[in-house]
Amino acid sequence: MEDCIFCKIINGDFGTEFVLENEYAVVFNDINPKAPVHMLVVPRVHAASLNEVEDKNLLGELMMTVKQAAAKAGLKSYKTLINTGKEAGQEVFHLHIHVMGEKK
Ligand code: AMP
């Protein structure tokens with residue numbers, strides 16, 4: 001999507017380094033981390049929020065990607081968060097899953 005910052009990141013417009021990437025998603029570090037490790041798992045297809053996604057396979061693949069990213073970052077314990085809607089704190093309207101933790 002033209003004006004979507006995460007679509008631009010996925011397209012490589014900013015040279016953002018990916019923690020990992022696969023057919024379904026890319027994972028990169030949050031620019032304003034709220035935890036020692038704070039990554040975002042972002043589907044390659046544009047969907048404004050969780051409410052716009054009906055593809056169960058994609059949702060499953062995103063959760064698998066969360067686990068892979070956590071393992072790659074060395075996180076055994078971590079929190080996941082999906083903000084859906086402005087009132088819930090969503091600022092970027094391209095679905096993403098926050099993965100936050102601390103290497104111990
Ligand atoms: P949310 O409030 O759930 O929409 O989360 C959006 C997240 O995207 C925030 O934690 C921001 O810090 C993060 N963010 C915004 N722009 C960028 C960017 N260019 N690169 C990495 N993270 C970003």
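The side chain of Asp-30 reaches the backbone nitrogen of Asn-32 at 2.8 Å, a polar contact (a pair of N or O atoms within 3.5 Å; within protein, one must be able to donate a hydrogen and the other to accept it, and residues adjacent in sequence count only if both atoms are side-chain atoms). This is a predicted model: local features need pLDDT of at least 70, side-chain atom pairs count only at pLDDT 80 or more, and totals for chains, interfaces and linings use all residues. Residues are numbered from 1 along each chain as its sequence is written, and side-chain values use heavy atoms, with hydrogens and water left out.

**Around Asp-30**
- Asp-30 lies in the loop between β2 (25-29) and β3 (37-43); strands (E, at least two residues) and helices (H or I, at least four) are DSSP runs, numbered from the N terminus.
- Asp-30 is buried, meaning under 20% relative accessible area, with exposed over 50% and partly exposed in between (1.4 Å probe, protein chains only).
- Asp-30 has no salt bridge, a term for a side-chain nitrogen of Lys or Arg within 4 Å of a carboxyl oxygen of Asp or Glu.
- Its nearest side chain of opposite charge is that of Lys-34, 4.9 Å away; Lys and Arg count as positive, Asp and Glu as negative, while His and the chain ends are not counted.
- Leaving out residues up to four places away in sequence, Asp-30 touches His-38, Met-39, Leu-40 and His-98; contact means heavy atoms within 4.5 Å.

**The sheet**
- Five strands form an open sheet in the order β1-β2-β3-β5-β4, with antiparallel pairing; two strands pair if DSSP finds at least two bridges between them.
- β1 (20-21) and β4 stand at the edges with a single partner strand each, so one side of each lacks a neighbour in the sheet.
- Helix α2 (residues 56-72) packs on the sheet and touches β1, β2, β3, β4 and β5.

**Strand β5**
- In β5 (residues 97-101), 5 of 5 residues are buried.
- Ile-97, Val-99 and Gly-101 point one way from β5, and His-98 and Met-100 the other.
- β3 joins β5 through 5 bridges, and β4 (residues 78-81) joins β5 through 4.
- Gly-101 has Val-37 opposite, and Tyr-78 also stands opposite Gly-101.

**The salt bridge**
- The count is 1 salt bridge: Glu-21 with Arg-44, their closest N and O atoms 2.8 Å apart.
- The pair links Glu-21 in β1 to Arg-44 in the loop between β3 and α2, 23 residues apart.
- Glu-21 counts as partly exposed because its relative accessibility is 48%; Arg-44, at 30%, is partly exposed too.

Note on methods: Axes fitted to C-alpha atoms, helices over the stretch in contact; angles between N-to-C directions.
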